[in-house]
Amino acid sequence: MTSMTPWFYRSRDVYRHWAPVFKIISILWMVLALFMLVPLVVLLIENDPDAMAFGISVLIILGAAALIWLLTYRVSLELKPWQMFILTAASWVSISGFASLPLVLGAPQLTFTNAVFESVSAITTTGSTILVGIEHFSDGLKLWRGLMQWIGGIGIIVMGIAILPFLKVGGMRLFHTESSDWSDKVMPRTGGIAKATLTIYVSLTFIAIVSYWFGGMTPLDATVHGMSSLSTGGFANSDASFGAYADQPWLLWMASLFMLSGALPFVLYIRFIRGSGSALWQDQQVRGLLKLLLVAIAILSIWRVTHGSDPFEAITHVTFNIVSVVTTTGYASDDYTLWGALPVVAFFYLTFIGGCSGSTSGGMKIFRFQIATLMLRNQLRYLIHANGVFTTRYNQQPVTSDISRSVVAFSFFFFITIAVLALSLSALGLDLVTALSGAATAVTNVGPGLGDIIGPAGNFAPLPDAAKWLLCIGMLMGRLEILTVVVLMTPMFWRR
């Protein structure tokens, strides 16, 4: 009996540590199953055989969620900070796995690898795809691809405004708001701001859907593109991506507007609605993003016009594709790799930038480039005035040393992750352009890479399975802001 006592206490300790995490994850699984009922209903109405796949998937997810809930229903939902790291990673991985079930059981009958790749790409709003002949898939499956990205989009916003600032990941502490007001134990008081954020997200999505519909899209296409535009996900209902509407410029301009809307901080929308009319423009992130877009659009538009393109057509397609890449949406209205050497290099650079913190965009985020610029300026000042005292401020807030360290650490691990991933992909036989751009587009959650295989006119299906698993890891690490995953790999994290 005595020999069993240490095991008993260890088991009780493990249960106390892990039960709250799994209880919250089980709730998220239930939410996923509820969303999966939407395409299921559509398929049942259309009497489509894919309904069976979605029905079985819902039962599997609800069964798993119910089992975990029954084992943990008495456990408090309060979490400690270290548990949040585990919850963040485990929830995204498990949801991506369950979301892939209809892709395996349904009409595409994808392999497990391809199904997971597609779902990870959707949930992380990356937009890379292995599917071919999307036009011929069932309406329910098309709708599910859009819904996965829409779910991922709201998850990214919540993570960006409530979780990451508290965890001090990559300088996110700069954006500490009432939504990240955490107590000693991590249970956020986010009721009001969460409801406001969801309301704005749903409202903007609805406006996008209606606009696309009146712009000439079918109701299904308008719905899917509306969800993937606001989530900056980039899934489309055609192999040609948004190129299927390349001859309808008004749709390209509307999409550019909605992609940009998804890339702006949602907290600022709330402030704007509450009466702060200049909230968006006063934000240093927003101003930086808009200025970058205007400069990039001007340069490449001039390039295209001087190379024989019609001015309006050039500006339309340049604007659309630049906004798509910078916001990490990943739509393509044209194969911009055929525009010449300068656009190809420019698009590769733009891949890394991303939108604003607290938005649905991926990438490094514009604020980190701005912080790095301020740090460089101060360093130059110190070289000139060695004894000078300089205060660095961003958005009227002081940039403390811990924020600077976080930005530097994040940037280092960000590029190290891309370098290691690209090297691993090249070891599998991928050429330099495919390996490097594939790694970059995965970690930045952009979608299309460069080259003939995974470029804007290509597809990720030809890649070997090992490469797809590596890219899945890259997409998840990029979406979880790198450090949230890296910290779980350190032995000291588990010594408690």
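**View 1. Salt bridges around Glu481.** A salt bridge joins the side chains of Glu481 and Lys365, at 3.1 Å from N to O. In this predicted model, the two partners come from distant parts of the chain, 116 residues apart: Glu481 belongs to the loop between α19 (465-479) and α20 (483-486), and Lys365 to the loop between α14 (341-350) and α15 (366-384). Both Glu481 and Lys365 are buried. The side chain of Glu481 also forms a salt bridge with that of Arg368 (2.8 Å, N to O). Because Arg368 lies in helix α15 and Glu481 in the loop between α19 and α20, this pair ties together parts 113 residues apart in sequence. Arg368 has a relative accessible area of 1% and is therefore buried, the limit being under 20%. Through shared partners, salt bridges join Lys365, Arg368 and Glu481 into one network.

**View 2. Contact of helices α5 and α6.** The axes of α5 (residues 112-123) and α6 approach within 7 Å and cross at roughly 45°, which means that α5 is oblique to α6. Contributors to the contact include Glu118, Ala122 and Ile123 of α5 and Arg145, Met148 and Gly152 of α6. By class, the contact comprises three nonpolar, four polar and two charged residues. A salt bridge of 3.0 Å (N to O) connects the side chains of Glu118 and Arg145, residues that lie 27 apart in the chain. Glu118 and Arg145 are both buried.

**View 3. The largest nonpolar core.** This core has 148 residues, and Trp144, Tyr212, Phe242 and Ile322 have the most contacts inside it. Helix α6 (residues 139-167) gives the most, with 17 residues. Among the residues that Phe242 touches are Tyr212, Met217, Leu251, Phe320 and Tyr331.

Conventions. Residues numbered from 1 in each chain as written. Predicted model: local features only at pLDDT ≥ 70, side-chain atom pairs only at ≥ 80, totals over all residues. Heavy atoms only, no water. Core = buried A, V, L, I, M, F, W, Y, C linked by side-chain atoms within 4.5 Å. Buried < 20%, exposed > 50% of the residue type's maximum accessible area, 1.4 Å probe, protein only. Helix = DSSP H or I, 4+ residues; strand = E, 2+ residues; numbered from the N terminus. Contact = heavy atoms within 4.5 Å. Axes fitted to C-alpha atoms, helices over the stretch in contact; angles between N-to-C directions. Parallel < 35°, antiparallel > 145°, perpendicular 65-115°, else oblique. Nonpolar A, V, L, I, M, F, W, Y, C, P; charged D, E, K, R; others polar. Salt bridge = Lys/Arg side-chain N within 4 Å of Asp/Glu carboxyl O. Lists of a residue's contacts leave out its neighbours within four places in sequence.
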